[in-house]
Amino acid sequence: MSTASDAPVEQPGSFAFTPENLAKAQAHIAKYPPGRQASAVLPLLDLAQRQHDNWLPRAAMDAVADMLAMARIRVYEVATFYSMFNLKPVGRHFFQICTTTPCWLRGSEEVVRACERKLGITIGETTPDGQFSLTEVECLGACVNAPIIQVNDDFYEDLDGAATERLIDALRRGEAPKPGSVKGRQTSAPEGGPQTLTDLSFAEGKP
Amino acid sequence: MPKLTINGIAVEVPVGTTVLQACQQAGVEVAHFCFHERLAIAGNCRMCLVEQEKAPKPIASCAMPVAEGMVIHTDSDKAKKARHGVMEFLLINHPLDCPICDQGGECDLQDQAMAYGFDRGRFLENKRAVKDKDFGPLVATSMTRCIHCTRCVRFLTDVAGVEELGATGRGESMEIGTYIERALTSELSANIIDLCPVGALTSKPYAFSARPWELRKTESVDVLDAVGSNIRIDSRGPQVLRVLPRLNEDVNEEWISDKTRFAVDGLTRRRLDRPYVRRDGKLVEAEWSEAFAFIAGRLKGVPGGRMAAIAGDLVDCEAMLALKELMAALGSANLDCRQDGAALDPGCRAGYLFNTTIAGIGQADACLLIGTNPRREAPILNARLRKRWLQGGFKPAAIGPAVDLTFPVAMLGTGPGALLALVEGKHEWWSTLQTAKNPMLILGQGALTRPDGTAILALARQLAERAGMVRDGWNGFNLLHRAAARVGGLDLGFVPGPGGRGTAGILGGCESGEIEIVYLLGADEIDARRLGQAFVIYQGHHGDAGAHRADVVLPGAAYTEKDATYVNTEGRVQLGRRAVFPPGDAREDWKILRALSDALGCKLPYDSLPQLRKRMLVANQVFAGLDEATPAPWGAFGTAGPIDAAPFVYPIADFYRTDPVSRASPTMAACAAAMGAETRQKTGTHG
């Protein structure tokens, strides 16, 4: 792995928050006592990333640093520490595939293969049309519905190769597939509906 | 005070001491990398793990404060196993390149791996490799060797006050760097070379020059600014290879400025290694006897009143005393050690000293800087001011053009107007000064080298008196010198005698022809064009401005080549020691003057350094108190007069080239170029 500083990325010359985001940023800063405004660095970086096509250019980090009166290097440290910040441009649909043990046991390798086959790129790459990016991440915390892909802010769960391909097709068509389990189960309830507490037999014989 | 037991030894230490420091006090060594007593505690190398009884696991002793009744074992099986494990982890990614590493022989990791390490590795996977960074012309990097102790990051952030270095990425991909490729912009940046416990940060100019065991180490003092930083000169054969800081809590703690450290490569360049005599407009090589005969011939019949002497910035006290007495023997009262023409008053010692002392800054709670940029004039002193500011409850203010001192300073004005308003109590900052318990002011050379310098000196004295800066046990009046020779010169009375001329008078006399002979003792900062038709004798070590204009050049010794006395800006008398011999025919300066006096028929009454030093004691008792800053009695100095409203101009424009040694140094030239580029880049890209 290498940090973003190794790879040359075309950086925009400047960055400024939109008026709406600026207001949100001010609200975040206002949550902290005076002189502690640096605490707002994470929400501000997140705002900046959302405003800037899901990646953080250096100008945005500098703008956040200046806004919070922090040394720029301190913001670079934060932004490079958290994997949720993208320091290079990513596709419109940013695929984060979980390959940690539970997902792996439930077939995440097949999900990765399906993505690579369907998109013609490997992990860490972006399609030439700028629509899709693939990354491999550690546990996303939804192991009950493994395997999972996080696409931008949405989780798609209970995937297999075919479901992954259907997901990609739908995104290509410009649809917005419903997040959650692709098998249609309710949140993380058992497959095929409830299997316990289906009747009140446990309560029989009780006063 | 908590009592604890360390390896069976009972110790009592103050509250807030860490276990590691308590161990050191008990005489027990604890291996460590990230801990440094002058930096914030990080606790990230884990090397200092020790066993604490009743604790579930080994504790990081550097980050654990002592508590009553602790029982610590540093040599138990548990502690040893923990250290062993940490060392093995540290070495997983550390390359085994000691034979080609510049840190070899003075490497903490190497030493501790020998002491606590495993004799083979069990890690069979690939080691990680990290791209090297470019930190500018002074610090070479080999980042694969880095063990992420973050000492360099903490030093630059806290001590140097430039937040440019950080740890980016995390886990396996964590790297120390600037993220954006850039040179470090601190005057103290090279101290991170000393701090680095491994070979990740090494000295670029000294790269692959020598191994530490080949070097002869000489304890001396620095003369490139007036702080008098304590240094160790490492030399091999005839050459000074590097300079390192030496611990002195009262002066430089354990830091030195980049100029002090790296200007020494100027000591082998542009040197005057034999006498020269000007014949038919050209300087030609000569023998000592020839040069002396030439001078004697020219001086014959010239009355003392038509001779003059100016001493430069790097000159030692012995040479100044010898020259003063030679001039007296020749009947001349025209001599001055203030070649910049600063209005320093030699009459009252407290009027030209940094009376608070450098360590005394720690007690101050308000500080007014007048016409001085300490970051350039004395970076070590500036670091002390910053240290004081970090402790809180310190109100700094400045009169002069705005500069970045690495801590926020209230700007009261650019010229003497603000000073006048303060003295009259009309300025709003006056109340801060009045309510401060230990107020201090620092008067810089930028305020005194003006035509109204003596009036400003008087005004500053008035302010010090009105604001209660001078009382028993506290003197807040400070003069910040920038030349190592200045205080010594004033202490020896190297100033115009009765009816004599000062620097301005001498130069004016040269132009009008009233002064025929000028003796420049290492004086290079004067305007050589103003020497007119005078016969110029230049004694010094570098072919700089003075030597170019000279009619006779007498090659002297640089500060690394003589046993000599210097007095720093606090009035602290310190000894420099000879590390190498002067090149070629060059000689120690007082010996040249002693030999010349013989040739001129007015032999100076000393044949050895001890005799000369006894003579210095007669001239001024302060030379008896070595390494001490003796408080000077307060008195009157400066002359009130009209004040010019023009803003102050700081004396140093280019920090890296201020004297003949640093001007001859290629490393300093590279620094000046790099920093110039940095400034240009800043104006271009910083919105």
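**Exercise 1.** What is the area buried between chain A and chain B, and what percentage of it do carbon and sulfur atoms give?

*Solution.* The model is a predicted one. In this model, about 1500 Å² is buried between chain A and chain B. Carbon and sulfur atoms give 56% of that area. The contact involves 16 residues of chain A and 17 residues of chain B.

**Exercise 2.** Determine which residues form the salt bridge between chain A and chain B, and verify that the pair meets the distance criterion.

*Solution.* The count of salt bridges between the two chains is 1. The partners are A:Arg74 and B:Glu163, whose closest N and O atoms lie 2.4 Å apart. The cut-off is 4 Å, so the pair qualifies.

**Exercise 3.** Describe the side of chain A that touches chain B by helix and by residue class.

*Solution.* Helix H3 (58-67) and helix H4 (72-81) of chain A each supply at least two residues of this side. The largest share, 7 residues, comes from H4(A). By class, this side of chain A has 8 nonpolar, 4 polar and 4 charged residues.

**Exercise 4.** Trace the open sheet of chain B and identify its edge strands.

*Solution.* The 5 strands follow the order E2-E1-E5-E3-E4, with mixed pairing. The edges are strand E2 (9-12) and strand E4 (59-60) of chain B, each pairing on one side only. Strand E1 (residues 3-6) of chain B runs antiparallel to E2(B), and 4 bridges join them. B:Ile6 has B:Ile9 in E2(B) as its bridge partner.

Terms used:
Residues numbered from 1 in each chain as written. Chains lettered and ligands numbered in written order. Predicted model: local features only at pLDDT ≥ 70, side-chain atom pairs only at ≥ 80, totals over all residues. Heavy atoms only, no water. Contact = heavy atoms within 4.5 Å. Buried area = accessible area lost by both parts, 1.4 Å probe. Salt bridge = Lys/Arg side-chain N within 4 Å of Asp/Glu carboxyl O. Nonpolar A, V, L, I, M, F, W, Y, C, P; charged D, E, K, R; others polar. Pairing = 2+ DSSP bridges.
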